[in-house]
Amino acid sequence: MRAIAVLASTAMQPRYTPPYSSDNTFLRAAHRDADGAQGQAARFAVAGVAFDGAVTNRPGARFGPAAIRAASRMLCDAIHPLYDCAPRDALIDVGDLELPSTSLAQHRLALQAAAEQLLRTHHVCWLGGDHSITLPILRAHRARAGRPLAIVHFDAHCDTWSDHFGEPSGHGTWMREAIQEGLVIPEATVQIGIRSPAGADARQFVPRLGGCVITARELRGRESAHQLADVIGEVRRRTSGRDRPPVYLTLDIDCLDPAFAPGTGTPESGGLSSAQVLSLLEALADLHWVGMDCVEVAPSYDHAEITSLTAATFVWTYLCARIAAQQPSPERTV
């Protein structure tokens with residue numbers, strides 16, 4: 001598979017494909033270049049962002065896209081038992097984007113350019129990579145939509161710290177930056193599963209601006225859609241107002257308890273179960289979703305591929321819900 005080169009400038013042109021780029025495709029979907037005629041005919045795309053240059057603990061998320069793709073083969077014919085469809089015929093995998101790997105600023109410039117290109121023709125699911133990749137993707141969505149987005153953010157961490165261990169930006173600052181840049185609507189920002197240590201400034205940043213934080217503690221013992229009805233209603237209320245804004249899903253795999261996702265760089269005990277996340281994804285399937293990412297899968301710390309398989313299942317479920325809804329365009333749902 002030839003990785004797609006996306007350049008911030010001609011001076012940044014990569015000279016080789018990184019050895020950690022994935023050769024598989026998600027769900028064995030066809031591989032096409034983003035500019036190919038057949039590629040443009042596909043409604044949905046998967047793109048890998050194999051970057052972990054902004055982590056604060058264990059590295060290894062650069063191997064996440066490859067691991068998620070490999071685990072997706074376990075889904076076999078990919079016919080979803082709830083939605084009774086498979087996304088393969090409407091899906092291409094454009095491979096791992098060929099991006100600068102040692103400069104966060106240059107990486108983000110190149111990723112934003114790549115995202116803007118892909119969003120012209122595809123509804124994209126991004127496979128990370130660490131969580132710093134979400135900021136340039138949101139910038140691209142904001143430019144395309146012409147207005148701020150609503151966002152549903154599954155995570156153990158609020159990602160609203162004011163700095164990245166003394167640096168201005170990283171995988172723990174992107175949400176603060178997204179709000180400050182006007183990429184997302186504060187009141188339509190919902191964070192689910194938050195539980196990590198954090199000072200008051202970081203913990204209260206989203207609520208102080210009118211957003212909603214649903215902690216992992218609040219979700220203990222609540223797994224079915226019926227038990228989660230108030231959470232589902234709150235997410236729906238916040239993301240469906242203001243003239244139905246586009247909604248972006250960012251799913252950090254460490255929202256799950258390490259029992260369900262040991263393969264991640266910053267695990268936090270007391271997290272969600274995979275069933276809880278699936279209950280929420282299924283119940284919220286009719287929101288105005290315009291894209292998603294699944295990040296922070298670090299297979300070096302995984303056991304029996306359970307983290308990678310769970311990530312693949314989340315992305316597969318999201319895609320099948322979109323196929324079932326028969327979305328007509330990258331920025332609209334029916």
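1. Across the whole of it, a search finds 10 salt bridges, where a salt bridge is a side-chain nitrogen of Lys or Arg within 4 Å of a carboxyl oxygen of Asp or Glu. Please keep in mind that this is a predicted model, in which local features need pLDDT of at least 70 and side-chain atom pairs count only at pLDDT 80 or more, while totals for chains, interfaces and linings use all residues. Residues are numbered from 1 along each chain as its sequence is written, and side-chain values use heavy atoms, with hydrogens and water left out.

2. Asp52 and Arg62 both lie in the loop between β2 (44–49) and α2 (64–72), so the pair ties together parts that are 10 residues apart in sequence. Here helices (H or I, at least four residues) and strands (E, at least two) are DSSP runs, numbered from the N terminus. Asp52 is buried, at a relative accessible area of 8%, whereas Arg62 is partly exposed at 26%. For these words, buried means under 20% relative accessible area, exposed over 50%, and partly exposed in between (1.4 Å probe, protein chains only).

3. Next, have a look at Arg208 and Asp201, whose side chains meet in a salt bridge at 3.6 Å, N to O. Arg208 is partly exposed, with a relative accessible area of 47%, and Asp201 is partly exposed too, with 40%.

4. Helix α8 (residues 229–240) holds both Arg237 and Glu234, three residues apart, about one turn of the helix. Their side chains meet in a salt bridge of 3.0 Å, N to O. Arg237 is exposed, with a relative accessible area of 53%, while Glu234 is partly exposed, with 21%.

5. Finally, how do α2 and helix α10 (residues 306–325) pack? Their axes are 8 Å apart, at an angle of about 75°, which makes α2 roughly perpendicular to α10 (a word for angles of 65 to 115 degrees). The axes are lines fitted to C-alpha atoms over the stretch in contact, with angles running from 0 to 180 degrees between N-to-C directions. In α2, Ala67, Ile68, Ala71 and Ser72 meet Ser308, Leu309, Ala311 and Ala312 of α10, contact meaning heavy atoms within 4.5 Å.

Notes:
Angles under 35 degrees count as roughly parallel, over 145 as roughly antiparallel, 65 to 115 as roughly perpendicular and the rest as oblique.
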